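This report walks through one protein chain, part by part, for a reader who is new to describing structures. Please keep the sequence and the three-dimensional view at hand while reading.

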Amino acid sequence: MSFFIALLVVFLIFLSVMYFLSIKESIEKEGIYTGFYHCPEKWRNILNQKVSFYKNLTEIKKREFEFKVQKFFKDYRIIGYDTSIDITDRILVAAGGVIPVFAFKNWKYSTLEVIYIVSDDFNDDFKTGTENCEIAGKVTGRYMYLSKPSLHFSFENPKDRFNIAIHEFAHFIDFEDDEVDGFPNKLLGKNNVVEWYQFLKKIALEKKREMQNRNFIPNSKKGEIRDYAFTGLGEFFAVMCEYYFENPESMKEKYPEGYRILHNAFSSKMKLEFTLPNMMNLKKNTKCPCKSGKRYKNCCLT
Ligand SMILES: [Zn+2]
Ligand SMILES: [Zn+2]
């Protein structure tokens with residue numbers, strides 16, 4: 001009899017080990033971050049105050065957003081280029097990176113490494129305060145550059161269809177198929193790429209008509225679809241992404257075809273339920289989860 005009990009116990013242990021391994025495997029396959037996640041109260045306050053996309057989420061989706069912010073800090077480095085940066089700057093950069101891909105279960109900008117924060121709008125040599133300093137954001141290879149004031153402006157005006165962080169991250173999404181050509185093939189899928197081209201042609205014609213009566217102002221932050229969108233195919237996609245994430249209601253009404261294509265692309269990957277890892281309290285002396293390099297007690301705890 002005891003032999004059978006022993007056999008049963010061994011069998012049960014075997015089953016539970018197999019079960020654990022299969023969970024582990026499926027977790028790894030789906031690429032879910034399995035560790036704990038942290039969200040200091042400070043992050044939550046900043047997100048609630050400054051990021052309207054986050055503010056409008058349900059409580060459970062807010063937790064998911066926070067988790068993705070922490071994952072963002074793990075995946076990429078955020079560095080002050082010619083200025084010091086604080087946790088608000090970090091959170092805004094992360095929010096800009098999380099928002100476009102929020103519906104995707106697991107996403108990594110595969111070519112991005114560092115986001116540099118520049119003290120002001122800059123010129124082609126990343127200088128500020130001299131002539132032609134009109135660049136708010138730029139992407140070169142594995143690096144992204146964002147002007148600090150333009151980053152803050154982007155989130156302070158959540159409905160104006162200008163968000164330099166979303167714009168630059170859209171370029172990285174576009175780049176996932178190795179070309180910043182305004183046609184993110186992987187994201188849109190074959191059929192939508194064709195439709196996107198037709199949509200673009202139609203909008204470009206409308207713009208041409210409108211342009212007969214005024215000057216082209218590529219650096220203006222204003223306009224239903226601001227002029228900058230027409231400086232290149234990649235720019236058209238990036239500007240439309242800003243529009244879609246900042247003011248989807250307006251886009252749906254005014255540009256239903258474009259809205260539908262982007263909506264399909266950005267929400268279709270949502271099929272799987274996201275399971276949130278456990279939240280854990282941080283010890284005062286551990287390194288801060290915002291990756292500033294400081295200890296938690298000297299950084300986001302205060
Ligand atoms: Zn651009
Ligand atoms: Zn911190």
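At what angle do helix α4 and helix α5 pack, and how far apart are their axes? In this predicted model, helix α4 (residues 59-75) and helix α5 (residues 87-98) pack at an angle of about 110°, and their axes lie 9 Å apart. Angles of 65 to 115 degrees count as roughly perpendicular, and α4 and α5 are therefore roughly perpendicular to each other.

The residues that make this contact come from both helices: α4 contributes Phe-65, Lys-68, Val-69, Phe-72 and Phe-73, while α5 contributes Ile-91, Ala-94, Ala-95, Gly-97 and Val-98.

## The chain as a whole

The protein chain contains 11 helices and 4 strands, and its C-alpha trace spans about 95 × 50 × 35 Å along its principal axes. Of the 302 residues in the chain, 36% are buried. Among the contacts with a separation of 6 or more, 63% are accounted for by residues 24 or more positions apart.

## The sheet and its strands

In what order do the strands of the sheet stand? The sheet is open, has 4 strands in the order β1-β2-β4-β3, and shows mixed pairing. Strands β1 (77-80) and β3 stand at the edges with a single partner strand each, so one side of each is left without a neighbour in the sheet. From one strand to the next, the twist averages 20°.

Strands of a sheet pair through backbone hydrogen bonds, and the pairing may be parallel or antiparallel. Strand β2 (residues 114-118) pairs with strand β4 (residues 143-147) in the parallel sense, over 5 bridges, and in this pairing Val-114 stands opposite Tyr-143 of β4. Strand β3 (residues 137-140) pairs with β4 in the antiparallel sense, over 4 bridges; here Thr-140 stands opposite Tyr-143, and Val-139 has Met-144 of β4 as its bridge partner. Strands β3 and β4 form a hairpin with 2 residues between them, and Gly-141, which lies in the turn, has a positive phi of about 55°.

## Helices on the sheet

Which strands does helix α6 touch? Helix α6 (residues 148-156) packs on the sheet and touches β2, β3 and β4, and its direction makes about 75° with that of β4. Helix α7 (residues 164-175) also packs on the sheet, touching β3 and β4, but here the direction of the helix makes about 20° with that of β3.

## A helix with a buried face

Helix α11 (residues 256-267) has 12 residues and reaches 16 Å from its first C-alpha to its last, which is close to the 16 Å expected at 1.5 Å a residue. Its buried residues are Gly-258, Tyr-259, Ile-261, Leu-262, Ala-265 and Phe-266.

Why do the buried residues of α11 line one face of the helix? An α-helix has 3.6 residues a turn, so residues three or four places apart point the same way. Seen down the axis of α11, the buried residues fall within an arc of 165°, so they line one face of the helix. These buried residues pack against α8 (185-211), α9 (233-246) and α10 (248-254), whereas the face of α11 turned away from the buried side carries the exposed residues Pro-256 and Ser-267.

Conventions:
Residues numbered from 1 in each chain as written. Chains lettered and ligands numbered in written order. Predicted model: local features only at pLDDT ≥ 70, side-chain atom pairs only at ≥ 80, totals over all residues. Pairing = 2+ DSSP bridges. Axes fitted to C-alpha atoms, helices over the stretch in contact; angles between N-to-C directions. Contact = placed C-beta atoms within 7 Å. Expected span 1.5 Å × (residues − 1). Buried ≥ 20, exposed ≤ 12 C-beta atoms within 10 Å, placed from the backbone. Arc of directions from axis to C-beta. Parallel < 35°, antiparallel > 145°, perpendicular 65-115°, else oblique.
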